[in-house]
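Colleague: Could you walk me through this model, starting with its pockets?

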Amino acid sequence: MAAITTAQPQRSPLLLAMDRKNAIVADIEGISLGNNGDTIHLAWPTVRAVTYEETGRGMGLTVTLNLSDGTTHSCRVTTRDEEELDNWIDHLILVREHFLDSR
């Protein structure tokens, strides 16, 4: 008797990077940047490129979105944990590859 297998749905990568004031959330719906209480949500078709840079004192991550209309939006989140920063970067790379590079 052959074993019955079911295909597992492929999960879309996601990113949640936040500190006390700012947040970056990326999922299948798009990417949201929260800066000091102001949030902007952008659907993936409007995003042309996502870049990042480790920034500032301590461990900061600045994510910049370049949009199809030529505008840019940035958000910076910080952590005191080097492993958390590396995790954010790893997830951001997966999100970027999945939602932008596959177009």
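Modeller: Gladly, and please keep in mind that this is a predicted model. The largest pocket is lined by D19, R20, K21, N22, R57, G58, M59, R76, T78, T79 and R80.

Colleague: What is the volume of that largest pocket?

Modeller: The computed volume of the largest pocket is about 300 Å³.

Colleague: And which strand gives the most to the lining?

Modeller: That is strand β7, which covers residues 72-79 and contributes three residues to the lining of the largest pocket.

Colleague: How many bridges join β2 to β3?

Modeller: Six bridges join β2, which spans residues 22-27, to β3, and the two strands run antiparallel. As an example from this pairing, I24 has L33 in β3 as its bridge partner.

Colleague: And how many bridges are there between β3 and β4?

Modeller: There the antiparallel pairing extends over five bridges, with β3 at residues 30-35 and β4 at residues 38-42. Here you can look at I31, whose bridge partner in β4 is L42.

Colleague: What about the hairpin of β3 and β4, how many residues sit between the strands?

Modeller: There are two residues between the strands of that hairpin, and N36 in the hairpin takes a positive phi near 50°.

Colleague: New topic: how many aromatic pairs does the count come to?

Modeller: The count comes to one aromatic pair. This pair is formed by W44 and F99, and it is stacked, with 4.9 Å from centre to centre and 5° between the planes.

Colleague: Why does that pair tie together parts that are apart in sequence?

Modeller: Because W44 lies in the loop between β4 and β5 (47-55), while F99 belongs to helix α1 (residues 82-99), the pair ties together parts that are 55 residues apart in sequence.

Colleague: Are W44 and F99 buried or exposed?

Modeller: Both W44 and F99 are buried, so by the cut-off used here each has under 20% relative accessible area.

Definitions and conventions
Residues are numbered from 1 along each chain as its sequence is written. This is a predicted model: local features need pLDDT of at least 70, side-chain atom pairs count only at pLDDT 80 or more; totals for chains, interfaces and linings use all residues. Side-chain values use heavy atoms; hydrogens and water are left out. Two strands pair if DSSP finds at least two bridges between them. Helices (H or I, at least four residues) and strands (E, at least two) are DSSP runs, numbered from the N terminus. Rings of Phe, Tyr and Trp (its six-membered ring) pair if their centres lie within 6.5 Å; planes under 30 degrees apart count as stacked, over 60 as edge-to-face and the rest as tilted. Buried means under 20% relative accessible area, exposed over 50%, partly exposed in between (1.4 Å probe, protein chains only). On a 1 Å grid over the protein atoms alone, a cavity is a set of points where a 1.4 Å probe fits but cannot get out, and a pocket is an open set with protein on both sides within 12 Å along at least five of seven lines; lining residues have an atom within 4 Å of a point. Grid points are joined across faces, edges and corners, and a volume is the space filled by probe spheres set on the points.
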